[in-house]
Structures are given as C-alpha cells and as structure tokens.
Amino acid sequence: MDVGTFPLQLGFEGEIEKQPMETEAGGSNPSRGKKRPPSPPGDDEELSESAPSDDYDKWSVSDNESQGADCLCTLDDFPKAGCDFDGQNHILFMYPNIELLGPSPIRLYPSFKSGSHVFGSDYNLHDKSDIKITSVRDCSTKCLCAPMSLLQFIDINIAGYHHARPGPARIFGFVAARDTIEPLRNYVYKREISNYEAVSVKQNTGMARLSLTSPVRVISMVAARALMEFELYVRTEDRPDDEPKGDCLIEGCTEFTSLHASQSYIEHRRLYGYNCALDVKFAVLINAVEARIDIKVLRLGAFASGINLKVYAKTSGFREVIRLFEGAAPKPGATRFFVVAVETRNYLDLYIEGSPGDSSVLGQKEQALRSWWKCSFGSGYHCMDEQVAELGDFGEISVKVNWKSYRKRQS
C-alpha cells in the first residue's frame, strides 16, 4: 500500500519578513526526528516510525556542513599517502590523533589501468561504458517487487589541497559508482577539461565542494557492496601541447560495505591520497526503492536578471540536504531528472526555490525576494505522484515522482 503524497506547502519571502533556515535531525531512528501520524502498515512490513519534519523553512545548506565538526586538519599537518598498502596502513592505523583530523579514514585502492585489479572481476573494471536507463515493468497480476539496499551520495569534497594559483581551482574528471546489478559506470560527477568546474578552495584546510550530478539510476548494494571509482584533475595552461592540460588531484577507488547493517545510516569518510584527500558523505538505505524526479519548467517570470532555481531533497527522515540542482533555471519546456534512494514506507521531501538571478546587479529590494515550495511524497514500489510547484512571480514547475524497484521476489 502506498503512503501517498503529504500536503504541499508554499512560501514567499520578501525584504521585510524572512524565514530562518536551518537543518534538523531526522532518520529512521525514531529518537532522531519528529513523527508523522502513522498510516496502516502493509502486509509484510511496518511503517517507519520517523518522517521528515513539518517545518518547511529548514533547508539552508552551506559548504561547511559536510566537513564534519571535528575537521581540524590544516594544510600544514594534512597526511599524504599513495595507494600502496603500507602507506594506506599508516594512515588508517598508525597516524597519531587521526580522529581529530577529520572524518574517519577509509582505504584508497589504486585506479584500474590494465592487467589485474583487486576489484577487476567483481565490478568489470575493464569496461568503462556508462550505465543506461532501463525500464522495469510493473507486476501484472501479483506484486513481486522487493526492497533494495541502496547507496545514496550526499556530498563529495576535496580536502587538504594546496592550491597555489590565484582564483578558483578548475576541476575536471569523474566520480562514478558501480554495482553488481549492471557493473558499468554510474556517474555522480563528470566534467570534461573544456567543461571544468571552478571551485573556491579554503586556504587553511584546502577544502572545496564538488557539484554532484544525479546518477542514472539508484546505486544498488547487492551483497552489501558497491564500488566508487574516481579520477580528478586541476586544469593548467602552462604545459606543452603534447602533455595533459591538468595535474592529477586524486585517483583510485574504494568499496563501500554494509555487512551488518539492519537500519539505514549516514556516514562521512575520508580517502587520503598523495596530493589531497576526498571527503565522501553518503547514506546506506536498507529496504529502499528508487524515486525518479522529473522537473519540467512550465512558466518563468519576467525578471531582467533572470531566475535562479534550487532543487533540494531529503530522504527517509534524515536531516541532510541532497543538492539536486543549483543555478539558472532551465528554459520553459525543458526537463531535468534526478534519482534519489528512499526507504520503503517512508518519505521523500522536495524543496524548490526561485530567486532573481545575478544578484550582483540587483537592487536591494529585489535581492531580498525569493519564493519556495515544499512537498513530501510517500514511497511505493511502482506508482507516480504529480504536483505543480507554484513559485509566485518566479514561475511554475511540474514535479513528477516515479517509484521503482529493480529487485523482484522469487515467484
């Protein structure tokens, strides 16, 4: 039985009345968040006791949120290590006060180039093709859909990078996940050298946040395992034409496991490399399904500076904000899609905000304006929920959420 769509909430902020924006605790542990009125349980599972907060104004995010409260490591004392076994062991087990230097470390393995690799056969590493969208038809007579264990990336940051050049760092490369359902690259970050991302790097910690993209489909953890591989570079201009136009930041892979997990959880881990580290915040969702979110612009308001759009999500009662989209609003008629993992019989919260673009040239009155919309969607094995996000003078957005499971019970 589907939980259904929770009542939507709309908002508008002018220059006089401003809503405070914070985040609050949530999650599948009932002690971590507020409880919604329960719906009747299904035949084979109970409704989660937690649900997202009804406070619709707690969606602010900052680049500091994903760095952890104990991130005291600076460029002067930041550990460096290659992918070799001894170097990684030193970081993982013998580095003094490692718990004070940031998120808990996880082992970094070398990237696959040729020959054999510790993960080569399990994840088909020699095939560098990207994954394609697949369709799963609904059960025709008797529902055989089953929940999945899924990996959901929340934030990925560079840490400990000494950026000696003026201005932002120009990052390109990729971050991809592989699972054993279809072991091809499922990209969550992909930039060509001509389409680099300019990111600001903090001088004391060498930290910079990457703008993630949505995977093509949810990342499954069959047998409680999934792989993450990555190659990230900084673009440079002072190299000969016959050499690569970038310096390697970090490359390699690591495996995420949840062998003993009975409840969903969020972790923040750090992979130490020779030139920098990679901070990864992710959720492992037990008994989950895929929410495919289609966002279509129906109408945009007439602002001389254009319109900026934010599309954020929260999943399964956790307070962490997943940034799906930030930037100039697509043209009317354009559609973007995103994929988020959500626990069965729990909720996906969506937040969409419209604001004037290019605030540097706006007057004080126009800078203070924004309009937001929030709605909660109850998960299901296969169904579609549809809403229209009314953003006042900023426009209208069509929102469709399609639910899907890629796992079937044996008939």
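User: Before we look at residues, what do buried, exposed and partly exposed stand for?

Analyst: Buried is under 20% relative accessible area, exposed is over 50%, and partly exposed is in between, using a 1.4 Å probe and protein chains only. This is a predicted model, where local features need pLDDT of at least 70 and side-chain atom pairs count only at pLDDT 80 or more, while totals for chains, interfaces and linings use all residues. Residues are numbered from 1 along each chain as its sequence is written, and side-chain values use heavy atoms, with hydrogens and water left out.

User: Which backbone atom lies 2.9 Å from a polar atom of the Ser316 side chain?

Analyst: That's the backbone nitrogen of Glu343.

User: Let's do cysteines. How many disulfides does the structure hold?

Analyst: A disulfide is a pair of cysteine sulfur atoms within 2.5 Å, and the structure holds zero. Take Cys248: its nearest cysteine sulfur belongs to Cys276, 8.2 Å away. Seen from Cys276, the closest cysteine sulfur is the one in Cys248, and 8.2 Å is too far for a bond. As for accessibility, Cys248 is partly exposed, with a relative accessible area of 29%, whereas Cys276 is buried at 0%.

User: How do I read an aromatic pair, and how many are there?

Analyst: You describe a pair of aromatic rings by the distance of the centres and the angle of the planes. Rings of Phe, Tyr and Trp (its six-membered ring) pair if their centres lie within 6.5 Å; planes under 30 degrees apart are stacked, over 60 edge-to-face, and the rest tilted. A search of the whole structure finds ten aromatic pairs. One of them is Phe256 with Phe282, which is tilted, at 4.5 Å centre to centre and 50° between the planes. This pair links distant parts of the chain, with Phe256 in β11 (residues 246-257) and Phe282 in β13 (residues 277-300), 26 residues apart. Phe256 and Phe282 are buried.

User: And what kind of pair do Tyr312 and Tyr351 form?

Analyst: A stacked one, with 6.1 Å between centres and 20° between planes. Tyr312 is in strand β14 and Tyr351 in strand β17 (residues 347-356), 39 residues apart. Tyr312 is buried, as is Tyr351. Together with Trp59, they form one aromatic cluster.

User: Which charged residue lies over the face of Trp59?

Analyst: Lys314, at 4.5 Å from the ring centre. For a charge to sit over a ring, NZ of Lys or CZ of Arg must be within 6 Å of the ring centre and within 35 degrees of the ring normal. Arg217 lies over the face of Tyr406 too, at 5.8 Å from the ring centre.

User: Last one: where do two residues 107 apart along the chain come together at 5.7 Å?

Analyst: At Ile293 and Lys400, going by their C-alpha atoms. Ile293 lies in strand β13, and it counts as buried because its relative accessibility is 0%.

Definitions and conventions: Polar contact = N/O pair within 3.5 Å; in protein donor to acceptor, adjacent residues only side chain to side chain. Helix = DSSP H or I, 4+ residues; strand = E, 2+ residues; numbered from the N terminus.
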